[in-house]
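Hi there,

Here is the structure I promised to pass on. Have a look at it first, then read my notes below.

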Amino acid sequence: MNSNTEPLTADPDILRAWLAPRFEAPGLVSLCSKNNWTGIQTDDLDRAVTWAMAEDRAGAEGIYCRVTTVTNRFSAGSRGSARDSHALLGMWSDIDFGNDLHKAKDLPATADEARDIPRFAKLPEPTRVEHSGAGLYAWWEFDQPLVIGEDISYDAATQLAADWQNILLLGAKKLGVGYGTGVKDLARVLGAVGTINRKPGREPAMRRVIEDNGTTYSLDAMLELAAALKPKPKPAPARTAPEPRAATTAAGRSDGPGPIEILGNHPCCGEILSFVGCTYHQQEPGSCSYCGGDCQQWLRPGWATGASTTGISVHKGGAAVTVRTDNFPGFDQGSLSKVLSPGMLFAALHHGGDLGAAAIDIRRAANGNPKASAAANALPAEVLDDVRTTSRTNKAQYLRSVPAPRTEAPIDGANALQPDVTPNDDSGEEKGTETTPEKPPNFPYHTVFGLPEGIKTPTGYKTDSRGVWVKRGIGDSEVEVRFAFSPLVVTATFEDPEGNQYIELSWLDRSLTFTRKISRIVSRETAKRGRKLIEQLGAAGLPAVEGDARVVEKWLAEFEASNIGKIPAEKLARWLGWQDDGSFVCSPEDGTKVDVVYEEMRGPAKAHGRKGTLEGWKEAVKPLANYPVPRVAIAAGLAAVLLKPLGLNSFTLDISSRSTKGKTTCLQCALSIWADPSEHASAMSNWRTTLYAIEKRLNLVRGIVTVFDETMAVTDDSLIDEVLYQLPMNHGKARSGGAFGNMLPWETILLSSGERPALSFTTSQGAAARILGTTISPFGENGGEAAFNAREGVLANHGHAGPEFVSYIIERLAAPGGRDALRARHKELTESFKGDSNMTGRRAPMVAVLVLAELTACRIGLLPYEPMPIEKWQKLFTAHNPTDNRPEMAMDVLREHVAGHSWELWSANRHPEDKPPFQGWLGVLSEAKDGTTRVALLPSRVKKILADAGYSLDAVVDSWVDAGYLDTLESQRPKYLVPRRFDGMRPKCLSFTTTGINVRDTADEAA
């Protein structure tokens, strides 16, 4: 408690209660302070509270919590970006009030007036309202956290946040007060309840909850609200067309804009920077004083990504730029630290800041003058087109006649335009359009999209740098109507092993301020249904709108029909590994086009590639001959190929130990058989994810190993339990609804590592029969050098061994009796590993396939060491595994802890002046009705004790109930959490019987 005479300090109990629900969401909770903007990203509530209290004791001006959870811990000096967001908890406001407390003016005068902003915005009652000391945070929470990329797309999440802030701004305007919408980004941090606002010039105040009605909202409800309440764009004012005028010759200047002004109308700063060697780095974290928060960080020529990233900021999608670095060769020093338009940037880079010289250069490029610089010629085609057709000049210019406005509306098209003028020659002069225009030149499909020479535009259409146009008759005249806002074409056709047909669509995208080609593969069924096509590819940036769906689908059909035999036709694979026709696709580099089903699978698929040489890989793994565990992992990496021919189900190989010596390196050696094993590559996965994401990752492969590192990173123990149960079924969970994959198939060996055995996370008694596990340290006590050398070797040489092994297996299967011989050898090895128990017998086929893979690879010279003796394999996997009896082992851990910490148990016999232990009470000693002394422990403490020893409370508690170790009460949910009263509290506890924990001696000691 804080007295009136003591300085105001944070309250750990209030903070803990406020933070606790956030730790139930997937991902890491991110806290930071004015002293430390990087802060802490953690899934440990105790650690979060401890960190915050330490910052408070250090006098932090403010302690903040991010509005989303995040996917990973931030590097030193980084505040994280919006792209790091993992789970969205709800929508928020940050309403400042009191004009004497803030720099901004016209703010609400009081908290009551600030509270009226959401009401004037017609928003429903918030879930909770928090008082920050000089502002209000209103929260409209979802009924459950939304995982970004699964429950809601990143673009949809950012759009919803932006709409919500604009709705609040509209409410503020109705109220006649100000509101800042710069808090819309997903990287936003807000003050943590229970901490102190110590901003200078104000009286310190504790952030607190002032309203809490608990109402939550579904995503659909929030989207409907946003759509209904967000500000609507104002209709464009009616424009009166000018009177038609005859073609005339105008001397001197025309009334059009100049080249610098025209260039400024195109958001192309990124393309101008790219020409001189600058590179895009990332979205800029935090807010921007110029544009609020929609900024990009770029690196000047020669900068590495590890260097400072604050030198170049591109604003508003390329509409403006600020260059702060003075170490930029050729850049006009007078333009530093100023907000520059694209035209001013071009002048600063290539003409010493001289706008006149830059304008002349641009005009030359637009008119094809050979004196134009390479930089001017590299400007976007639409810029040069606009300069040529609309820019004022210093010489005579022909003006085209302007026809009277049409009264008829266009039949199709989102943007009907007047016919383009046709260039007369390279001088920049133009003809009028009263005469029949010449046929436009064919679009350079070969140069732009890599299509073969000879591809032509269908009759009745036109493709240019601005999009695709269709000719429409309007009365007696013909006009061109644009229906695609960028060139959009079919670049390939495909057929998969089942005979299903697909097409590849490609278009140019400029959303990142530089031009790039985007390609996506869709089924023919989708391509023939325009609305479905636009819905499916809209998030990928397809340059068309739903109103033009029918025109788009017809254009694609016409384009393909006009170029039959010219558009490339290829085979298509939807996953890696065994295909339905008996072929095997090891990598997207194999020559077979790989187009995965889900967007999240693209990165892992791409990581399955080659680097270095096969001989280099052999040299890297050769020193592993004396280390059994890495050899087993490599054998598993090869053995995944054999699952399908042998008719075996998928299974897990778990490598766990308390040591930090080489578990990840061990997995990297196995993964290097197929893919890039580096930790930053997408092939190397982590347990910090969701079940659906894991199913998608497994769905990528049929006969290739899958790797998930570090079980301790999992946010929910039941996730590992679910995966271990589902994996041998060779498919994911059954789901209804088209948005989620239903029973996604796979065939793989899952390699897992961690300090805790994977079996310690599962409640299934039969899980041990589906897992091969070892707790032996992969590289022992003195194998650090071997681990380092192996890791460096496989990082430099990977992706070769798998294809070599597959090639041999396919050749062997194709030989007469090849499959039968392979199965006979596996059956023979299985008999060797059945052991003397039912458990080892069920594991025997899994051990046998690992042994068969290593024997085969050694025989053909793929592995540079002799096969491991059968006796070693038997010692590793056929002996009794103590982790099979984990509930009893977990109970032993708890008994030992209670015996050693009896003084942490509250007892009625304790002295009234005795203070509670530093960590709080472990539990309570009490007398039962039968006269025995019982111990009841707080579940949070038990969970931590077991976790520190490598066990999960959820995985063992049901077995404890079955064994009679716990008291139960049928009126409670769950029944094993029984209320116990002590020290003025009545918490629910795990109450142990004397069979579970006998504390007669402990009770005497505690008393």
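A strand here is a DSSP run of E with at least two residues, a helix is a run of H or I with at least four, and both are numbered from the N terminus. Two strands pair if DSSP finds at least two bridges between them. This is a predicted model, so local features need pLDDT of at least 70 and side-chain atom pairs 80 or more, while totals for chains, interfaces and linings use all residues. Residues are numbered from 1 along each chain as its sequence is written, and side-chain values use heavy atoms, without hydrogens and water.

Now the sheet. Five strands make an open sheet with mixed pairing, in the order β26-β25-β24-β27-β30. β26 (516–523) and β30 (593–594) are at the edges with a single partner strand each, so one side of each has no neighbour in the sheet. β27 (residues 569–573) runs parallel to β30, and two bridges link them. Look for L572 opposite K593 of β30.

Helix α14 (residues 530–537) packs on this sheet and touches β25 (501–509) and β26; contact means heavy atoms within 4.5 Å.

Leaving out residues up to four places away in sequence, K611 touches L795, A796, N797, H798 and H800. K611 and N797 are 186 residues apart in sequence, yet their C-alpha atoms are 5.2 Å apart.

Last, confidence: pLDDT is the predictor's confidence in each residue, from 0 to 100. The chain's mean is 83, and 86% of its residues reach 70 or more. Over residues 239–254, though, pLDDT stays under 50.

Cheers

Methods: Axes are lines fitted to C-alpha atoms, for helices over the stretch in contact, and angles run from 0 to 180 degrees between N-to-C directions.
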